[in-house]
Amino acid sequence: MAINWTEAEIEAVVASVIKSIRNDTVADGADFDSKSYSGRRFIGVFDDMNDAIEAATLGYKAVRAMSLADREKLIAVIRTLTRDEAPIMAALGVAETKMGRVDHKTAKHILVADKTPGTEDIVAAVKTGDLGMTLTEMAPFGVVGSITPSTNPSETVICNSIGMIAAGNGVVFNPHPNAIATSNYAVDLVNRASAIVGGPEILVASVAKPTLDTADIMYKHPAIRLLVCTGGPGVVRAVLSSGKKAIGAGAGNPPVIVDDTADIRKAGKDIIDGATFDNNLPCIAEKEVFAFANIKDELIAAMKENGAYLIDKATADRLAEVVLVDKKNPKTGAVSKIVNRDCVGRDARVILEKIGIKVGSDIRCVICEVEFEHPFVQHELMMPILPIVSVNGIDKAIDLACKAEHGNRHTAHMHSKNIDNLTRFARAVETTIFVKNAPSYAGIGFGGEGHTTFTIAGPTGEGLTSARSFTRYRRCVLAESFRII
Ligand code: NAD
């Protein structure tokens, strides 16, 4: 396929597409439709997963036929549409999932548009010697089956689409049912970008009603060569047991250590900024703090200056009764606590209201001093509640922080100027991301160096995924030739 449009022509078409939807607003309580938005029917959304896979297979063939330059033009339009429609997707995501914040979700989409690597991420390696030359290239897998979460729904669809297409793959999505309208908006956006550059009508596909059964079809379908799953422990286990090559991006429970060499005022602000980003939905966000006892009060004061509301231990226990609920194991009858979905990603003000505490909208985080065993420390809450555990010394801090991370090896943070302490914690916790002296989001390229992703694959080892994560290595050997020295 050849695409001969100039940048100016592409910009002009994009501008007209944007204009047609510019005035849309997301009505509160709107009926969320997985097949259309504001009267515009989504492209690439099917009732049957088998049909979606078939369409994605044709999309894959079209991507394979594109030159790298054409793939880049297509990705450039995805970036432009994402930037321009970020506020719509952010508002739709918050309205549909009732989680997160529109301003932060808008920023997350712009981050995806700006910092998700494209085709430049795909590089070949060459080995030359007496026996000639061997070339190793990063080749596409084929059609990728992607399972996406409710916490960053459209961000993940777009980020994965850019990386997977850059690598030459096709993609079919099984998005989270609670975020299906938002996720399918993003699927449609990618397909609109394809139309703008003269690509296939359906480049990426999805289903109108994703279920565990549609995911199962994906696991078993012979056309699906790679599964990429972003979500909690249940779904990561499911894809890893599928018998197919799988990339699993699972749960975290990121601890933060603050020692007595840190810039405490800055640490307090950074931690609250990170922990409240999109109301604590990102899997990398600060979930519990281990503060040296001799600086703990100063840290709490700095947090309060930055929008934190301190509750006492008895109030924290009362709040725990609301944000955690009982779940009975159907097989064993055993009852355990799970996070109350009604509280996930909600504003701090709304969460406090549930126990009769009224605060202003300047309050963005609830903080409390608790012991290590408290459920706020142990559970991945994904809401702006931050427990603080007082520790005496670095040994105790590292020991408890590693335990609170539960071996997820996902993300950890530390505020310190002591290089030995920083190094010891990083070595002990073994996380994919380790952020020093910054808010957590610096770890995904927001105010920190490096590319962004919303699929952080700790369990399967790809780390912060990018186009190259969705490739397989292929070797070409040219014997006795092509060496020029
Ligand atoms: P979730 O686990 O509820 O859902 C994720 C996806 O899996 C959804 O599409 C869901 O419908 C599907 N699903 C769930 N169980 C399944 C099964 N057995 N088979 C097939 N599909 C199944 O996750 P969520 O609530 O949307 O997201 C929050 C969780 O995801 C948190 O634990 C968070 O840490 C994690 N997460 C991780 C990353 C990462 O990059 N590592 C990114 C975002 C979210």
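**View 1. The second largest pocket has a volume of about 300 Å³.** A pocket is an open set of points, on a 1 Å grid over the protein atoms alone, where a 1.4 Å probe fits, with protein on both sides within 12 Å along at least five of seven lines; lining residues have an atom within 4 Å of a point. The model is predicted, local features need pLDDT of at least 70, side-chain atom pairs count only at pLDDT 80 or more, and totals for chains, interfaces and linings use all residues. Residues are numbered from 1 along each chain as its sequence is written, and side-chain values use heavy atoms, without hydrogens and water. Of the 17 lining residues, Ile 122, Glu 137, Met 138, Ala 139 and Pro 140 are closest to the centre of this second pocket. Strand E5 gives the most to its lining, with five residues.

**View 2. The largest pocket, with a volume of about 1400 Å³, holds the ligand.** A molecule sits in a pocket if more than half of its atoms lie within 2 Å of the grid points. Among the 45 residues that line the largest pocket, Gly 231, Gly 232, Pro 233, Gly 234 and Arg 341 lie nearest its centre. Helix H8 supplies the largest share of this lining, five residues.

How values were computed:
Grid points are joined across faces, edges and corners, and a volume is the space filled by probe spheres set on the points. Helices (H or I, at least four residues) and strands (E, at least two) are DSSP runs, numbered from the N terminus.
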